[in-house]
Amino acid sequence: MHAQLITYQLRDISHADYLKQMVEPDAPVLAKVPGLISKVWLSDEEKNAFGGFYLWESKKAMEDFMHSDLVKAVVSRPYVKNVSSVDYDVNQKA
């Protein structure tokens with residue numbers, strides 16, 4: 001297993017529009033991504049901090065996702081800025 005934290009900020013979009021334009025349409029697409037076990041959507045409107053915590057079957061599945069057209073489309077949206085991704089090995093023995 002492999003874990004990933006992706007964070008970003010929003011600009012020039014309301015929270016309601018963000019939910020309608022990004023979260024609602026992207027959630028069912030993400031549910032079908034090969035190797036993705038789960039995604040937790042993160043949101044702190046006050047700090048303008050958003051993102052997701054992903055749990056992957058493998059690092060390769062995460063890397064394939066990060067090089068996908070889906071990720072390219074998300075990060076090219078004009079209201080998404082300061083995208084960051086950090087990934088971690090998962091200690092499955094613990």
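These legends go with close-up views of a predicted model.

Before you zoom in: local features need pLDDT of at least 70 and side-chain atom pairs count only at pLDDT 80 or more, while totals for chains, interfaces and linings use all residues. Residues are numbered from 1 along each chain as its sequence is written, and side-chain values use heavy atoms, with hydrogens and water left out.

**View 1. The largest nonpolar core has 20 residues.** Such a core is a set of buried Ala, Val, Leu, Ile, Met, Phe, Trp, Tyr and Cys residues joined through side-chain atoms within 4.5 Å; buried means under 20% relative accessible area with a 1.4 Å probe, protein chains only. Among those with the most contacts inside it are Tyr8, Tyr54 and Trp56. Helix α1 (15-30) is one of the elements supplying at least two core residues, and its four are the largest share. Helices (H or I, at least four residues) and strands (E, at least two) are DSSP runs, numbered from the N terminus.

View 2. Ring centres within 6.5 Å make a pair; planes under 30 degrees apart count as stacked, over 60 as edge-to-face and the rest as tilted. Tyr18 sits in helix α1 and Phe50 in strand β3, so the pair ties together parts 32 residues apart in sequence. Both Tyr18 and Phe50 are buried.

**View 3. Tyr54 of strand β3 pairs with Phe65 of helix α2.** Their ring centres are 5.7 Å apart with planes at 40°, so this pair is tilted. Relative accessible area is 5% for Tyr54 and 6% for Phe65.

Conventions
Buried means under 20% relative accessible area, exposed over 50%, partly exposed in between (1.4 Å probe, protein chains only). Rings of Phe, Tyr and Trp (its six-membered ring) pair if their centres lie within 6.5 Å; planes under 30 degrees apart count as stacked, over 60 as edge-to-face and the rest as tilted.
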